[in-house]
Amino acid sequence: MREVRTTCPYCGVGCGVLAKVAADGQVSVRGDPDHPANFGRLCSKGSALAETIDLDGRLLHPEIDGRRVGWDEALERVALTFSQTIAEHGPDSVAFYVSGQLLTEDYYVANKLMKGFVGSANIDTNSRLCMASSVAGHRRAFGSDTVPGTYEDLELADLIVLVGSNLAWCHPVLYQRIAAAREKRPEMKIVLIDPRRTMTADIADMHLAIAPDGDVALFTGLLAYLGQHNALDRAYITEHTTGFGKALFAASNLDLAGVAEATGLSEDELGRFYSLFARTKKTVTVYSQGVNQSSSGTDKVNAIINCHLATGRIGKPGAGPFSVTGQPNAMGGREVGGMANMLAAHMEIENPAHRARVRRFWNAPDIADKPGLKAVDMFKAVGDGRIKALWIMATNPVDSMPDADAVEAAIKACPFVVVSDVLASTDTVRHAHVRLPATAWGEKDGTVTNSERRISRQRAFLPAPGEARPDWWIVAEVARLMGFGEGFAHATPAEIFAEHAALSAYENDGARDFDIGAYAGIDADTYEDLVPFQWPAPSQATPLWPAGHLPLKGGDQRSQPPSPITNVSERAPSAKLPISPLEGEMAGRPEGGVQAGRQPEKDGQAARSPSTRFFANGNFYTPDRRAHFIAVRPVAETRTDEKFPLILNTGRVRDHWHTMTRTGKSPRLSQHIAEPFVEIHPADAQHFGIGDADIVRISSPRGEVLVRALVTSRQRQGSLFAPMHWTDQFAAKGRLDALTASLTDPVSGQPALKHVAVRIEKFAAKAFGFAVMRQRPAPVAATYWAVAKCRGGWRVELAFADDDIDWAGFAAALFGASPDMLAYHDRDAGQHRIAAFDGERLAGALFVAPGPVAVSRGWAAEQLEETHAGQRERFRIVAGRAGAERPDAGATVCSCFSVGANQIAAAVAAGCTTVASIGETLKAGTNCGSCRAEIRAIIEARRVQAAE
Ligand code: SF4
């Protein structure tokens, strides 16, 4: 039995995970009580990590045009084609599209190859879709991409303003930290600014249901209010900033009535929020995709930062603007310069001195001298033939890019596409000429940086399966074959990290924020034992390597893969995977613009290491070392029209991650929400003739999707919300980004994924169906289908444009023909139920009805795991009823203990009136806690019902 310290691969909270591998190879995970991001907590996604590491669907061998090949042939094909393309068409004819899922070491070598050796900056990342506007806003205001604060500030604040951030579902452990802090200090106030009443509203004192893209008006209005009500920190403004007058003048153009009109909020709501902000010194404003994914995202970020600069609320315990990132290593990607408009180590590509420095450090033959193509422009260039060779690493742009159908067409038309991935079959992998198997979470080694600038190790605890290799190794091998061996002779991730750390300190002397020079001399053992630390961590001693020269081990030798090839049928643990102690930070504390925060007492779990903050005393990274106020003005933009009258807001659900390549493997995570859906306000639903659970078609000028309707007053009238997770692998027509436009923020290049004009109409289904089956079904012959994993197999939601169907044949196609079948048909009523048995086990069951099928999903899925020897049990399946002794649990609320909404409602009716008492009775909410907001919502709904 071994327990290995690693980091969760999902969101930017960056929780520490302890992964235990039992002697029989079984893996279990728990939160790392000593990790400063989570102190032992994990959300539902993190808790279910062990369910996602099987080898089902893994890409295990390199392939060229669908043919299995050896690594040598695959690498040579990639290197040769890229070299020839560059020779014939120039460096800008090739591109890398990479990912916040990559580890820093992977990212570093990919960026180094493209920017320093190919000589192009055509490397961009899916982080462009996530937080590029925050990067741009930081750089405009601070002169650097610096997140000033720390997670601790969320617990120390007296007011937390959450803007466009559904923390309860998207950063659940931060939400739990805030909820816990608020329980200790009930006087803490929380304001949620979001067009939707999300689950995060559960802890909010005030929910401002702002109009889409109303944020610039809201925060410029706030700046004006602060000026009018003597709530400015004039000393801070004078000593540490510039441009305040212009920003205030721009803000003053809008009076309160104008702000109300632009935001859709009442003057009373605005007044209460502004007054609360003005009088609360310890304020943290947290923002994420709701701010960033906008055509005015950078202005929104600067409008928020302006208010913090104007009040001097930055870099102080409990005060600051705080961008939280979506991906586990979006921050690491920023540090290595993995975006098309940045250079490594937070240096600027447009700055000749920075370019010269990086070139010197890398001893690079060439260095990109201008920004490359940002993600949206990159795929346009693929589409129009300017880019002729594209390498996609660890991401799925066919589903996640805006205008996704056009992106897919571009990839299909590209002369040469390489995809490095862990899966053999994603919507993107299927179009690759060369497929390269990469190691997955649990198999790879490296570092990630979370939203509070904390660098943690991801450690391998499983052997690499098949011929899978780490991304850094794959890139380095291609670089070597392209003739750049000297620059890519790293033998281990530790060597890459050491080089990355050395570059951060190289000719820095406090001029740049990102400095982890204290780690420049790190050796393999120290790297193995690395404890989480926050940057900056500058060198406190003489640099280990002379300036301008970084000795790399091994010369031009080919680096060796770090893990042996293992039998793919086994998951035998590897021999030695040490557990590193977490004893506190090893880096010395920086001076200058960084302050140590107060160190809270132990909270019964772990001592907290001191926090680092930026800018309490100025020292920004602009040429004049002052923060720059940015004069921003709201731009009124109407995208809806008669044809597309609604605004679609895209987002995420609690238990899924990105395009479900990992979370879709977990039965536990797939039962919370098992199909694509759209939330619509009751008034809009009535207007468009849509009922709850109807299948609806959402269309934009670019494409359409078919999803389930969820009628709810949580949604703002005139707006829809739909999650972005479903792909062709999980649904008939659920790729939401087929609807979104390639409209981007003019500064950051981030797409406006939260403001898409669409129309909605009911899909006139003639029949609806639901099925469970032991084996995953082959392509389903239904107009609408959505497949999800469940404990004993798979479940499928169905809808049909036609009801003239041979249902027995359809069932046989779904779960196989069986001589042992039971069927019930009532053709007049349009009811059909068919169950097939394999011995005493249920092979599959299909339920068809003229309306949405009213069969308990949880009960039906459970039948796959039970034995059905007697006719009575078999008839019950065909009847679609559990029997009185097994009441329908309802839709899953608590994934950890499989507790449904009906069970919680029954417990409330029986006298449980708090989340704690529900936990005592049903255990719901007592593990990861991600469902507590939903439990509270059910309690509240029952309370309101009882009062009516
Ligand atoms: Fe992983 Fe959840 Fe922590 Fe995010 S909050 S890092 S998804 S455990």
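Colleague: What is the mean pLDDT of the chain?

Modeller: The mean is 89, and 92% of the residues reach 70 or more. Keep in mind that the model is predicted.

Colleague: Where does pLDDT stay under 50?

Modeller: Over residues 541–607. The model still has 154 contacts beyond four places in sequence for that stretch.

Colleague: How should I read the coordinates where pLDDT is low?

Modeller: Not in detail, where the confidence is low.

Colleague: Fine. Now the ligand: which residues surround it?

Modeller: The shell consists of C8, Y10, C11, V13, G14, C15, L42, C43, K45, G46, P172 and V173. By class, nine of these are nonpolar, two are polar and one is charged.

Colleague: Changing topic. How many helices and strands are there overall?

Modeller: The chain has 30 helices and 36 strands.

Colleague: How many of the residues count as buried?

Modeller: 64% of the 948. The chain exposes about 32600 Å², and carbon and sulfur atoms supply 50% of that area.

Colleague: What share of the contacts join residues at least 24 apart?

Modeller: 72%, taken among contacts between residues at least 6 apart in sequence.

Colleague: Backbone next. Is the peptide bond from W535 to P536 cis or trans?

Modeller: That bond is cis, with omega near 10°. P536 is in the loop between strand 19 (533–534) and strand 20 (594–596).

Colleague: What is the phi of D65?

Modeller: Positive, about 50°, although D65 is not a glycine. D65 lies in the loop between strand 4 (63–64) and strand 5 (67–68).

Colleague: Is D65 buried or exposed?

Modeller: Exposed, because its relative accessibility is 55% and the cut-off is over 50%.

Colleague: What about A394, where is that?

Modeller: A394 is in the loop between strand 14 (389–393) and helix 18 (397–400). Its phi is also positive, about 60°, and A394 is not a glycine. With a relative accessible area of 23%, A394 is partly exposed.

Conventions
Residues numbered from 1 in each chain as written. Predicted model: local features only at pLDDT ≥ 70, side-chain atom pairs only at ≥ 80, totals over all residues. Heavy atoms only, no water. pLDDT = per-residue confidence, 0-100. Contact = heavy atoms within 4.5 Å. Near = heavy atom within 4 Å. Nonpolar A, V, L, I, M, F, W, Y, C, P; charged D, E, K, R; others polar. Helix = DSSP H or I, 4+ residues; strand = E, 2+ residues; numbered from the N terminus. Buried < 20%, exposed > 50% of the residue type's maximum accessible area, 1.4 Å probe, protein only. Areas by Shrake-Rupley, 256 points an atom, 1.4 Å probe, with all protein chains shown as cover.
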